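Please open the model in a viewer and keep the selection tool at hand.

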Number of protein chains: 2
Amino acid sequence: MRTLFHVWLQPQSRKIRLLLLEKGLDFDLQIEKTWERRTDFLSLNPAGEVPVLIDTNGAVLSGAYAISEYLEESYGQPDFLGRDVVQRAETRRLVTWFDIKFSREVSDNLVGEKMVKRLQRSGEPNGPAIRAGLINIHYHLDYIEFLLEKRNWLAGEEFSQADMTAAAQLSTVDYIGDVPWDKHPGAKAWYARIKSRPSFKSLLDERMPGQYPAKHYANVDF
Amino acid sequence: MRTLFHVWLQPQSRKIRLLLLEKGLDFDLQIEKTWERRTDFLSLNPAGEVPVLIDTNGAVLSGAYAISEYLEESYGQPDFLGRDVVQRAETRRLVTWFDIKFSREVSDNLVGEKMVKRLQRSGEPNGPAIRAGLINIHYHLDYIEFLLEKRNWLAGEEFSQADMTAAAQLSTVDYIGDVPWDKHPGAKAWYARIKSRPSFKSLLDERMPGQYPAKHYANVDF
């Protein structure tokens, strides 16, 4: 059986979970408290980070970039990058947008400050960072709506890794109730479509220890 | 003709320059002062970041991830990811290591604090960050040496994007003279091999305005 090492509310692990489920690939989940720096885990991934996937063939894959491309190369159909090289580049541009830019400007400031620091006992939340995150998220929701004016999904006509990456990131912020959906009805409608996919259910069922999600978090109608 | 938008000492732009040259693809370079947020550039890449490549077919590719994968898919030979899916995953794991982890732990703290802030007039260098960068770089050079104990190049027997990514990152730190090569002879020997490749010459010839490089920067024997 495949094993995916992940940790609560880690966006890139959530993206890989979605990708595995959308491809119809079975896997076991194993929580890895990366901040404990467990020796056996460091021998799998010296970077000490999740996601890490052990595939059925025994291959150990580390990091969302390596894992997502490996899954597309090894289990191509259904494909979540796109049909031609330019479409695939557009999907990957948006993966970077959400995994790097959104993460830096929004989720690190909100989930990182409010939740990850508490989980790892690594300090007090930083007020200015939280305020920056609450402002920045509007620009990202606007950008999602801008893309959806001309497209069915974020990268084009097909549901892709761009949608999974954005939804995985947003789901962690939504867990703590910091996504202002009511001011962004277009982004909300897109997220509702993703929430109703069977692959998303395991993310909506996840609970971080000691912290219940926002009331609407798991509702497909929210 | 292809055009690559880049800016001085930006590691990911340097990686793409190496990749284009190693693949034998011609291109013009155009400096983009991203912090000026030029409207025409934002219309190419709304993220406002380099690298951005306009290919001969007119396609606009944004971000090192999208560009590097596009170049491998469009101009496959020579290939710099690897022959099989597991080898390719290993290359990509190390691309993440250097573009994300090394960047966060070393180059952002050194080049970011000392050079980028000056270039963008965005504040004073942060002393504790610089000290952290000077400590962290030893761990990364150790890791390079650990990999090279059993391998010819970082990801395996072949020169790959892992080497290009690591060398591009290190070259920016080396420009300001902050790489302690003398304490890491194995990493130094690997970097000397890369410096002697024709593709690396344009990086060694580059000069940032108002800042000469460290004396040994452009020497293949250093």
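Which residues in H4(A) meet which residues in H3(B)? Val85(A), Val86(A), Arg88(A), Ala89(A), Arg92(A), Arg93(A), Val95(A) and Thr96(A) in H4(A) meet Tyr65(B), Ala66(B), Glu69(B), Tyr70(B), Glu73(B) and Ser74(B) in H3(B), where contact means heavy atoms within 4.5 Å. By class, this contact of H4(A) with H3(B) has seven nonpolar, two polar and five charged residues. Ala, Val, Leu, Ile, Met, Phe, Trp, Tyr, Cys and Pro count as nonpolar, Asp, Glu, Lys and Arg as charged, and the others, Gly among them, as polar.

Before continuing, note that this is a predicted model, in which local features need pLDDT of at least 70 and side-chain atom pairs count only at pLDDT 80 or more, while totals for chains, interfaces and linings use all residues. Residues are numbered from 1 along each chain as its sequence is written, chains are lettered from A and ligands numbered from 1 in the order in which they are written, and side-chain values use heavy atoms, with hydrogens and water left out.

**First stop: the helix pair H4(A) and H3(B)**

Helices (H or I, at least four residues) and strands (E, at least two) are DSSP runs, numbered from the N terminus. Axes are lines fitted to C-alpha atoms, for helices over the stretch in contact, and angles run from 0 to 180 degrees between N-to-C directions. The crossing of H4(A) and H3(B) is right-handed, that is, the near helix is turned clockwise from the far one by less than a right angle.

Buried means under 20% relative accessible area and exposed over 50%, with partly exposed in between (1.4 Å probe, protein chains only). Among the buried residues of H3(B) are Ile67(B), Ser68(B) and Leu71(B).

**Second stop: the two chains together**

A rotation of 180° with 0.0 Å of shift along its axis superposes chain A on chain B, with an RMSD of 0.0 Å. The two copies are thus related as by a two-fold rotation axis. The superposition is by least squares on the C-alpha atoms of residues with pLDDT of at least 70 in both. Of the interface residues of chain A, 96% are also interface residues in chain B, so the copies meet through the same surface.

Select H3(A), residues 64-74, and H4(B), residues 85-120: their axes come within 8 Å and cross at roughly 160°. That makes H3(A) roughly antiparallel to H4(B), and their crossing is right-handed.

Select Gln169(A), in helix H6 (residues 161-175) of chain A. Gln169(A) is buried, at a relative accessible area of 1%. Apart from residues up to four places away in sequence, Gln169(A) touches Pro11(A), Phe98(A), Asp99(A), Phe102(A), Ser103(A) and Ser107(A).

In chain B, select Ser107(B), which is in helix H4. Ser107(B) is buried, with a relative accessible area of 4%, and its contacts beyond four places in sequence include Gln169(B), Thr172(B) and Val173(B).

Return to chain A and select Ser160(A), in the loop between helix H5 (127-150) and H6. Ser160(A) counts as buried, at 3% relative accessibility. Where does Thr91(A) lie relative to Ser160(A)? The two are 69 residues apart in sequence and 7.0 Å apart in space, C-alpha to C-alpha. Ser160(A) is also in contact with Phe80(A) and Ala155(A).

Select Val50(A) and Pro51(A), which are joined by a cis peptide bond with omega near 0°. Pro51(A) lies in the loop between helix H2 (39-44) and strand E3 (52-54) of chain A. In chain B, the bond from Val50(B) to Pro51(B) is cis, with omega about 0°.

Finally, select Arg121(A), in the loop between H4 and H5 of chain A. Arg121(A) has a positive phi of about 50° although it is not a glycine, and this residue is exposed, with a relative accessible area of 77%. For Leu9(B), phi is near 55°, a positive value in a residue other than glycine. Is Leu9(B) buried or exposed? Leu9(B) is buried, with a relative accessible area of 5%.

Conventions: Parallel < 35°, antiparallel > 145°, perpendicular 65-115°, else oblique.
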